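Thanks for coming. I have one structure to go through this morning, so let me put it on the screen.

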Amino acid sequence: MEALSASKWFLLCALLISAVQSTHCSVTYDKKSLVINGQRRILLSGSIHYPRSTPDMWEGLIQKAKEGGLDVIDTYVFWNLHEPSPGNYNFEGRNDLVRFIKLVQKAGLYLHLRIGPYVCAEWNFGGFPVWLKYVPGISFRTDNEPFKKAMQSFTQKIVQMMKSERLFQSQGGPIILSQIENEYGLVSKDFGAAGRTYMTWAAKMAVELGTGVPWVMCKEDDAPDPVINACNGFYCDYFSPNKPYKPTLWTEAWTGWFEDFGSPIHHRPVEDLAFAVVRFIQKGGSFVNTTWLTPFLQSHPPPPPHNKKKKKK
């Protein structure tokens, strides 16, 4: 047999390493939790929305989140920022989603990518670009062909970008979850059969993109398999997924809400949030994402490491 040249040996080794890596990089789930590379995990997450701070701040915010004990960073993807006019995309500066995700990966954390592309997020027009309103015959978030065409095009754009940069966990990247649509349950009831059709279409469309990681729909009790329905709210210890073989996920643990004159102040004490999280995990929950993390990290230092020894006097 002819001896292999050095270049062929290098190529063979590279292929073997790639095969081993692809074998070990996976995200699945069972009734207890997400299963990452064969291990069940209880995951604590926090929201850092990349355009709500400057790129120079991202690494520091992510590091504070890690030092505070988080495993996962959560972010929406903001359609109106990335496609300000049809077919013209912007991923520079504050919009540099790939750079943000790679900083999360550099810190050794996972990422939950909430594509939407309707995100609500206390953001202008819920993240929809204004030009979408003027598409002939369009009706938002229902079984409407002009809307579905535009939504699918943007979702595919984001997923393909993530795949090209090898950012899904199935490729060795940090993204372990993706979300399609956002809190659609109440909207679906208003639209009736058309809402149900649209929701089912959106789930099928997302799964067929082949990311290799699970998709979730929050506040959507009818999320079809294999999409996981998840809870949003101040408390989620009452929540159970719609199938017994799906994990119990809390995608938004609300820390507060806007203030209206004369209305209650929805700023909960941290002790209440901690109790709610512990209660949720006690009831079988395995993933908790805390909202409004960015402004908190900007104004609060992380706690000291647990193993830090006190100096002797």
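This is a predicted model: local features need pLDDT of at least 70, side-chain atom pairs count only at pLDDT 80 or more; totals for chains, interfaces and linings use all residues.

Residues are numbered from 1 along each chain as its sequence is written, and side-chain values use heavy atoms, with hydrogens and water left out.

Overall layout, then. The protein chain has nine helices and 11 strands; helices (H or I, at least four residues) and strands (E, at least two) are DSSP runs, numbered from the N terminus. Of its 313 residues, 46% count as buried. Buried means under 20% relative accessible area, exposed means over 50%, and partly exposed is in between, with a 1.4 Å probe and protein chains only. The accessible surface is about 16,600 Å², and carbon and sulfur atoms hold 58% of that. Those areas come from the Shrake-Rupley method with a 1.4 Å probe, and for residues only the protein chains shown count as cover. If we take contacts with a separation of 6 or more, 68% are between residues 24 or more positions apart. Contact here means heavy atoms within 4.5 Å.

Next, the cores. A nonpolar core is a set of buried Ala, Val, Leu, Ile, Met, Phe, Trp, Tyr and Cys residues joined through side-chain atoms within 4.5 Å. Which residues touch the most other members of the largest one? They are Phe100, Ile101, Leu113, Ile158, Met162 and Ile176, out of 71 residues. Helix H5 gives the largest share of this core, eight residues. A second, separate core has 10 residues, among them Trp250, Val277, Phe280 and Val288. As a general point, nonpolar side chains in soluble globular proteins tend to be buried together.

Now the aromatic pairs. Rings of Phe, Tyr and Trp (its six-membered ring) pair if their centres lie within 6.5 Å; planes under 30 degrees apart are called stacked, over 60 edge-to-face, and the rest tilted. That rule gives 20 aromatic pairs. One is Tyr50 with Phe78, edge-to-face, at 5.9 Å centre to centre and 70° between the planes. Tyr50 is in the loop between strand E4 (43-47) and helix H2 (55-67), and Phe78 is in the loop between strand E5 (72-76) and helix H3 (79-82), so this pair ties together parts 28 residues apart in sequence. Phe78 also pairs edge-to-face with Tyr76, at 6.3 Å and 75°. Tyr50 and Phe78 are both buried, and Tyr76 is buried as well. Elsewhere, ring pairs link a cluster that includes Trp79, Tyr118, Phe125, Phe140, Tyr184 and Trp201.

On to charges. There are 14 salt bridges, a salt bridge being a side-chain nitrogen of Lys or Arg within 4 Å of a carboxyl oxygen of Asp or Glu. Glu181 and Arg141 form one, with the closest N and O atoms 2.7 Å apart. Glu181 lies in the loop between strand E7 (175-180) and H6, and Arg141 in the loop between E6 and H5, so the bridge ties together parts 40 residues apart in sequence. Are these two residues buried or exposed? Glu181 counts as buried because its relative accessibility is 2%, and Arg141 is buried at 9%. Compare Glu208 and Lys204, whose side chains meet at 2.6 Å, N to O: Glu208 is exposed at 56%, and Lys204 is exposed at 52%. Asp74, Arg114 and Glu252 are linked in a salt-bridge network.

Not counting residues up to four places away in sequence, Phe191 touches Phe140, Arg141, Thr142 and Tyr184. Phe191 and Thr142 are 49 residues apart in sequence, but 7.0 Å apart in space, C-alpha to C-alpha. Phe191 counts as partly exposed, at 32% relative accessibility.

Last, the surface. Phe125, Val130 and Tyr134 make a nonpolar patch of about 350 Å². Patches are made of residues with over 30% relative accessible area and no salt bridge, with like charges joined within 9 Å and nonpolar side chains (Val, Leu, Ile, Met, Phe, Trp, Tyr) within 5 Å. Tyr134 sits in the loop between strand E6 (110-116) and helix H5 (145-164), and is exposed at 62%.
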